[in-house]
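Hello,

Here is the structure I promised to pass on. Please open it first, then read the notes below.

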There are 2 protein chains.
Amino acid sequence: LLPETQRERFDVVLVRPRNPLNIGAAARAMANFGFSRLSVVAPFEATWREARSAVDALDVLLNAREAATVGEAVKGATLVAGTGSLTYRKPEQRVVRLAELPELVSREMGRGGRVALVFGPEKHGLTRDDLSWCHVLVEIPTDARQPSMNLGQAVAVCLYELAARVGAAGVVSGPEPVESGRLELLAGVVEEAMEAAGYRAGAMREGERRELRLMLRRMTLTAHDTRRILGIFRRILWRLGQGPGAGRG
Amino acid sequence: LLPETQRERFDVVLVRPRNPLNIGAAARAMANFGFSRLSVVAPFEATWREARSAVDALDVLLNAREAATVGEAVKGATLVAGTGSLTYRKPEQRVVRLAELPELVSREMGRGGRVALVFGPEKHGLTRDDLSWCHVLVEIPTDARQPSMNLGQAVAVCLYELAARVGAAGVVSGPEPVESGRLELLAGVVEEAMEAAGYRAGAMREGERRELRLMLRRMTLTAHDTRRILGIFRRILWRLGQGPGAGRG
């Protein structure tokens with residue numbers, strides 16, 4: 001199981017779960033494998049109420065945080081991993097097999113980062129918009145004839161793999177990783193600069209915003225890089241006569 | 001995932017499951033990870049009927065075999081692995097961590113054996129009697145504060161580990177492994193010989209029968225050894241004037 005110092009830097013995020021039993025099952029798997037931080041994004045209200053009022057509701061569920069968006073739920077994470085099957089999807093970010101995730105998590109923890117593991121709703125999994133927040137997509141190797149896993153079981157399988165194999169890696173010295181919320185701040189300033197430069201009149205379409213978000217995650221920026229690029233774009237914005245993007249910072 | 005030739009030599013065995021949803025969940029995990037042979041031991045009749053009549057019941061469930069006892073369900077297996085937590089139990093056979101199971105299974109498959117993975121009922125897990133049929137006990141590493149897993153999740157975690165890591169190991173030449181049913185035949189003849197020798201008057205108590213069963217499994221006999229020892233005990237029986245234990249062979 002993960003040492004205590006790592007557990008506090010690991011979030012399980014359930015996006016729009018529909019079935020209270022699955023929320024309970026996810027919480028139970030977390031307790032089984034020693035994870036404690038659960039966030040639930042935009043749950044259906046009745047589902048959420050029912051899950052938390054179960055007589056056997058675990059502490060992990062009672063202490064769960066609610067978030068309106070995936071972006072809000074993963075704001076503090078420096079590595080966001082989405083889960084899913086690739087059957088119907090062409091991935092837009094790096095794909096790793098679940099068996100490779102422990103090493104990725106160990107390394108991220110070793111450099112002082114925070115990890116979020118994100119699970120989509122039962123029927124359709126994470127949307128492209130949900131996935132635009134993810135640095136990597138974790139693939140659970142399933143049979144092509146029955147690829148789609150039950151949510152509670154998918155959570156159990158992923159957390160088992162991590163509990164069994166994440167090492168208490170020594171602290172790695174190296175550049176400070178950047179939190180998801182900082183990247184989104186940068187994306188906002190870049191967008192303002194693009195608009196100010198006449199790159200695209202009016203608001204960006206949602207698809208382009210997602211592209212930009214993904215691109216910033218594929219670049220694996222450090223906290224320092226992010227500050228530097230933010231500075232450059234704020235300067236550009238200022239020169240374009242738009243002010244430094246106040247109200248976004 | 002396991003190659004087809006190995007899947008046919010792998011059984012998942014659920015012992016006295018109580019909850020139809022868990023039976024369905026176990027079947028789904030099997031389909032997800034490409035396993036197809038399910039046996040259910042002494043299910044509660046209503047539970048069993050309900051599980052199989054679910055609208056989304058999978059082929060693996062509709063094709064499941066029913067057995068009266070664990071011994072019957074694992075009769076053809078040369079390696080029987082029980083699952084469970086060790087919190088309340090002192091194990092009477094070799095214990096392996098789940099992460100070690102793939103290697104064990106690969107080796108058994110490589111020498112032409114058949115494997116059965118046995119799961120106990122929801123609340124209390126496998127009994128000592130159930131476990132007496134097992135060569136090894138597989139431990140899923142869980143948090144001591146919440147060690148007990150949901151049945152469907154435990155099945156998913158074990159099958160994931162096997163699907164991800166059982167290798168298509170080349171055929172290992174070596175002695176032929178012995179099937180569980182043959183060992184039980186031997187145990188019966190040994191028991192008769194013991195009684196005939198006046199070792200213990202009357203029928204053996206259940207606890208001693210379990211001890212004998214376990215001992216024979218700890219010895220990791222080959223098919224050849226088993227035939228040889230069976231011959232010796234039949235000869236002893238004959239000399240003790242009891243006949244060759246006909247009706248048991």
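**What I found**

In chain A, seven strands make an open sheet with parallel pairing, in the order β3-β2-β1-β6-β4-β7-β5. Its edge strands are β3 (65-67) and β5 (94-97) of chain A, and each pairs on one side only. Neighbouring strands of this sheet are turned by 30° against each other on average, direction ignored. Strands are DSSP runs of E with at least two residues, helices are runs of H or I with at least four, and both are numbered from the N terminus. Two strands pair if DSSP finds at least two bridges between them. Axes are lines fitted to C-alpha atoms, for helices over the stretch in contact, and angles run from 0 to 180 degrees between N-to-C directions.

This is a predicted model: local features need pLDDT of at least 70 and side-chain atom pairs pLDDT 80 or more, while totals for chains, interfaces and linings use all residues. Residues are numbered from 1 along each chain as its sequence is written, chains are lettered from A and ligands numbered from 1 in the order written, and side-chain values use heavy atoms, leaving out hydrogens and water.

Take one pair in chain A. Strands β1 (residues 10-15) and β2 (residues 37-41) of chain A run parallel, joined by five bridges. A:Val13 has A:Ser39 as its bridge partner in β2(A).

Now chain B. Strand β1 (residues 10-15) of chain B pairs with β6 (residues 115-119) of chain B in the parallel sense, over five bridges. B:Phe10 stands opposite B:Val115 in β6(B). Helix α8 (residues 151-165) of chain B packs on the sheet and touches β1, β4 (79-84) and β6 of chain B. The direction of α8 makes about 155° with that of β6(B).

How do the chains relate? A rotation of 180° with 0.0 Å of shift along its axis superposes chain A on chain B (RMSD 0.0 Å). That is the relation of a two-fold axis.

On the interface, 32 residues of chain A are in contact (heavy atoms within 4.5 Å) with 32 residues of chain B. 97% of the interface residues of chain A are also interface residues in chain B, so the copies meet through the same surface.

Best wishes

Notes
Least-squares fit on C-alpha atoms with pLDDT ≥ 70 in both.
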